[in-house]
Amino acid sequence: MGCTGSSQSKEDGALKKVRKPKPWKHPQPLTKTQLLQMREEFWDTAPHYGGRKEIWDALRAAAEADLSLAQAIVDSAGVIIQSADLTICYDERGAKYELPKYVLSEPTNLIRES
């Protein structure tokens, strides 16, 4: 006799596959340097808004990885994906983690520095 109620079903959204965010545009064109600075500031301050540091660390690693590795990272960290592009996630305790698009992908109006 086993416990059948502990596994998460696909219907509850817990097993969503990670995908790239849809193309997006920042209000002002950004350089790669400005984008990287915004990302650094977000990751430096994110843990102060709640949630567990190890989940924030896992989300950062997933955001910076390719899709298959990102999937493995969130699965092993027990992250529950609400939005497949990782903009909204939860941990197993129900804490919410919101990621801005700029940490997940580059805007369409990124200025290429020469």
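Select α3 (67-77): its buried residues pack against α2 and β2. Buried means under 20% relative accessible area, exposed over 50%, and partly exposed in between, with a 1.4 Å probe and protein chains only. Contact means heavy atoms within 4.5 Å. Helices (H or I, at least four residues) and strands (E, at least two) are DSSP runs, numbered from the N terminus.

The model is a predicted one, in which local features need pLDDT of at least 70 and side-chain atom pairs count only at pLDDT 80 or more, while totals for chains, interfaces and linings use all residues. Residues are numbered from 1 along each chain as its sequence is written, and side-chain values use heavy atoms, with hydrogens and water left out.

**Helix α3**

Stay on α3 and show Ala 70, Gln 71, Ile 73 and Val 74, which are buried. Looking down the axis of α3, these buried residues fall within an arc of 165°, so they line one face of the helix. The arc is that of the directions from the helix axis to the C-beta atoms. Turn to the face away from the buried side to find the exposed residues Ser 68 and Ser 76. Just after α3, select Gly 78, which takes a positive phi of about 75°.

**The whole chain**

Zoom out. The protein chain has 4 helices and 5 strands, and from the N terminus on the elements run β-α-α-α-β-β-β-α-β. Of the 114 residues, 38% are buried. Among contacts with a separation of 6 or more, 59% are between residues 24 or more positions apart.

**Helix α2**

Select α2 (53-63). Its buried residues are Ile 55, Trp 56, Ala 58, Leu 59, Ala 62 and Ala 63. Viewed down the axis of α2, they fall within an arc of 160°, so one face of the helix is lined by them. What covers these residues includes α1, α3, β3 (88-90), β4 and α4.

**Helix α1**

Move to α1, residues 32-45. At 1.5 Å a residue its 14 residues should span 20 Å, and the end C-alpha atoms are 20 Å apart, which agrees. The expected span is 1.5 Å times one less than the number of residues in the helix. Show Leu 35, Met 38, Arg 39, Phe 42 and Trp 43, the buried residues of α1. Down the axis of α1 they fall within an arc of 130°, so they too line one face. Their packing partners are β1 (30-31), α2, β4 (96-98), α4 (101-104) and β5 (110-111).

An α-helix has 3.6 residues a turn, so residues three or four places apart point the same way.

**Thr 31 in β1**

Select Thr 31, in strand β1. Thr 31 is buried, with a relative accessible area of 17%. Leaving aside neighbours within four places in sequence, Thr 31 is in contact with Leu 110, Ile 111 and Glu 113.

Next, select Tyr 97 in strand β4. Tyr 97 is buried, at 0% relative accessibility. Not counting residues up to four places away in sequence, Tyr 97 touches several residues, including Gly 50, Gly 51, Arg 52, Ile 55, Trp 56 and Leu 59. On the list as well are Thr 87, Ile 88, Cys 89, Tyr 90 and Asp 91.

Two C-alpha distances can be drawn from Tyr 97. Gln 82, 15 residues apart from Tyr 97 in sequence, is 9.8 Å apart in space. Pro 47, 50 residues apart from Tyr 97 along the chain, is separated by 9.5 Å. Pro 47 is in the loop between α1 and α2 and is partly exposed, with a relative accessible area of 28%.

**Leu 86**

Select Leu 86, in the loop between β2 (80-81) and β3. Leu 86 has a positive phi of about 70° although it is not a glycine. Most residues other than glycine have a negative phi. Leu 86 counts as buried, at 3% relative accessibility.

**The largest pocket**

Finish at the largest pocket, with a volume of about 200 Å³. Of the 14 residues that line the largest pocket, the closest to its centre are Lys 20, Pro 21, Ala 63, Leu 67 and Leu 104. A pocket is an open set of points on a 1 Å grid over the protein atoms alone, where a 1.4 Å probe fits, with protein on both sides within 12 Å along at least five of seven lines; lining residues have an atom within 4 Å of a point. Grid points are joined across faces, edges and corners, and the volume is the space filled by probe spheres set on the points. Both α2 and α3 supply at least two residues each to the lining of the largest pocket. By class, this lining has 9 nonpolar, 1 polar and 4 charged residues. Ala, Val, Leu, Ile, Met, Phe, Trp, Tyr, Cys and Pro count as nonpolar, Asp, Glu, Lys and Arg as charged, and the others, Gly among them, as polar.
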